[in-house]
Amino acid sequence: MPPAMECIDLLAARHGFDVTWRERDWNSERYLRDGAMMPSDGIEQMADGDGVFLGAVGSPGIPDDVTLWGLLIPIRREFMQYINLRPTRLLNGLSARASEADSIDIMVVRENVEGEYSEIGGRVYRGRPDELAIQEAIFTRRGVERAARFAFELAVRRGGRLISATKSNGIIHSMPFWDEVVNDVAEEYPKIEVESVLIDALAARGVLRPDSLDVIVASNLFGDILSDLLSAVAGSIGIAPSANLNPEREFPSLFEPVHGSAPDIAGLGVANPVGQMWAGAMMLDHLGRGDAARELTDAFERVIAAGHTTRDLGGTLGTREFSDAVLEQLNKGSEFTISERR
Ligand code: NAD
Ligand code: IPM
Ligand code: MN
């Protein structure tokens, strides 16, 4: 979080806009101290903000239903952030992991408030020989339709191709309904080429031919899994950003990396800050500062292209060293090129 905030502060100063951070220690330490991730009026405290910038949470030893369901999930739901937009791009200087693809540019549009993440029916029946857990998946026409429409609009702006991730061949009864609603929305977009691809085959295609993918609309769980997979294919899950959007802008949107709290490397100073920085760029873009957003993505891309990377990308830099190189690029402004650095 701190290096990403430093980048945003630097850009704000140069571009002449103000950023007021209201920092909140709504984390696992707070939970251990006060018994809750955030105060009971936490959502109200954020409601008049322009955006929420979140660092990943989750601690070994504290159940995820406390850390995630006590902070991230309520924010997504209370602020009706029904779209989770997750770009994957092959950055200059990086190679795709398993294929020869020399260009990857994918937008996963993940349905973000319903589907397999429904709270309805979630129950574990214990204390009997045949213990069981049940959870309903909820797909509403309105929920699928608005995710599909967002994805179609994005496909229009990006040149016309859309894949719908499905699983309607199995006995997952909700997926033929998903297909039906996506097809209904498709009728409004006759120029868009829509492909319905089974999620299992789509996962394999994402590894072997990521350059054949453009905009993908997916349910909550499928989109969650696909976005980690695709970012790893493009280098590392440490670089992937995520925008949890309330498209109507009735409530603030939330910007965070795709990855989690990486407990296996926590405190070592080696985490890749790009996912958090890129999420910051998506926030700037959302708030009408597309110029500053581009400067930020250009800056970390130039550092990576010059061969300076963190360990997850095969380099040796720590979080601070890498971040300082990005800040240095930002200080130099936009004239500085990759070749000059070499
Ligand atoms: P994770 O994403 O935290 O880590 C998976 C692997 O990726 C680990 O090896 C980790 O070291 C590596 N990694 C992740 N981010 C990295 C970065 N920036 N730089 C370099 N390497 C990085 O997934 P996990 O281990 O399954 O989850 C850990 C915790 O995070 C769990 O409690 C989980 O629920 C939580 N989580 C939180 C969020 C969120 O707050 N938005 C998202 C996902 C997972
Ligand atoms: C993500 C995360 C969350 C999700 C978890 C931590 C609840 O994996 O943002 O991708 O599944 O949505
Ligand atoms: Mn995830």
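Arg249 is exposed, having 10 other C-beta atoms within 10 Å. Here a residue is called buried if 20 or more other C-beta atoms lie within 10 Å of its own, exposed if 12 or fewer, and partly exposed in between, with C-beta atoms placed from the backbone. The structure is a predicted model, in which local features need pLDDT of at least 70 and side-chain atom pairs count only at pLDDT 80 or more, while totals for chains, interfaces and linings use all residues. Residues are numbered from 1 along each chain as its sequence is written, whereas chains are lettered from A and ligands numbered from 1 in the order in which they are written.

Arg249 belongs to the loop between β9 (241-245) and β10 (253-257). Helices (H or I, at least four residues) and strands (E, at least two) are DSSP runs, numbered from the N terminus. The phi angle of Arg249 is near 60°, a positive value in a residue other than glycine. Most residues other than glycine have a negative phi. Met80 likewise has a positive phi, near 50°, and is located in the loop between α4 and β2 (83-89). With 17 other C-beta atoms within 10 Å, Met80 is partly exposed.

## The eight-stranded sheet

Eight strands form an open sheet in the order β1-β10-β9-β2-β3-β8-β6-β7, with mixed pairing. At the edges stand β1 (51-53) and β7 (193-198), each of which pairs on one side only. Neighbouring strands of the sheet are turned against each other by 20° on average, direction ignored. Two strands are taken to pair if DSSP finds at least two bridges between them. Strands of a sheet pair through backbone hydrogen bonds, either parallel or antiparallel.

Strand β3 (residues 105-111) is mostly covered, since six of its seven residues are buried. Its pairing with β2 is antiparallel and extends over seven bridges, and Pro87 stands opposite Met107 in β3. Between β3 and β8 there are four bridges, and these two strands run parallel; Val108 is placed opposite Ile216 in β8.

## Helices on β6 and β7

Strand β6 (residues 161-166) pairs with β7 in the parallel sense over six bridges. Within this pair, Ala165 stands opposite Val197 in β7. Helix α6 (residues 174-186) packs on the sheet and touches β6, β7 and β8 (215-218), its direction making about 160° with that of β6. Axes are lines fitted to C-alpha atoms, for helices over the stretch in contact, and angles run from 0 to 180 degrees between N-to-C directions.

Helix α7 (residues 199-208) lies across β6 and β7 and runs at about 105° to β7. Its buried residues are Ile199, Leu202 and Gly206. Seen down the axis of α7, these buried residues fall within an arc of 50°, so they line one face of the helix; the arc is that of the directions from the helix axis to the C-beta atoms. The cover over the buried residues of α7 includes β6, β7 and α8 (220-233). On the other side of α7, Asp200, Ala201 and Ala204 are exposed.

Val274 and Gly275 both lie in helix α9 (residues 274-286). Val274 is buried, with 31 other C-beta atoms within 10 Å. Apart from neighbours within four places in sequence, Val274 is in contact (C-beta atoms, placed from the backbone, within 7 Å) with Gly238, Ile239 and Phe300. The C-alpha atoms of Val274 and Ile237, 37 residues apart along the chain, are separated by 9.7 Å.

Gly275 is also buried, with 23 other C-beta atoms within 10 Å. Leaving aside neighbours within four places in sequence, its contacts are Gly238, Ile239, Ala240, Pro241, Pro257, Val258 and His259. A separation of 29 Å lies between the C-alpha atoms of Gly275 and Glu195, which are 80 residues apart along the chain.

## The shell around ligand 1

Among the 20 residues around ligand 1, Gly58, Gly238, His259, Gly260 and Asn272 come nearest. A residue is near a molecule or strand if its C-beta atom, placed from the backbone, lies within 6 Å of it. Helix α4 (residues 64-78) gives the most to this shell, with three residues.

By residue type, the shell consists of nine nonpolar, seven polar and four charged residues. In this division Ala, Val, Leu, Ile, Met, Phe, Trp, Tyr, Cys and Pro count as nonpolar, Asp, Glu, Lys and Arg as charged, and the others, Gly among them, as polar.

Note on methods:
Contact = placed C-beta atoms within 7 Å.
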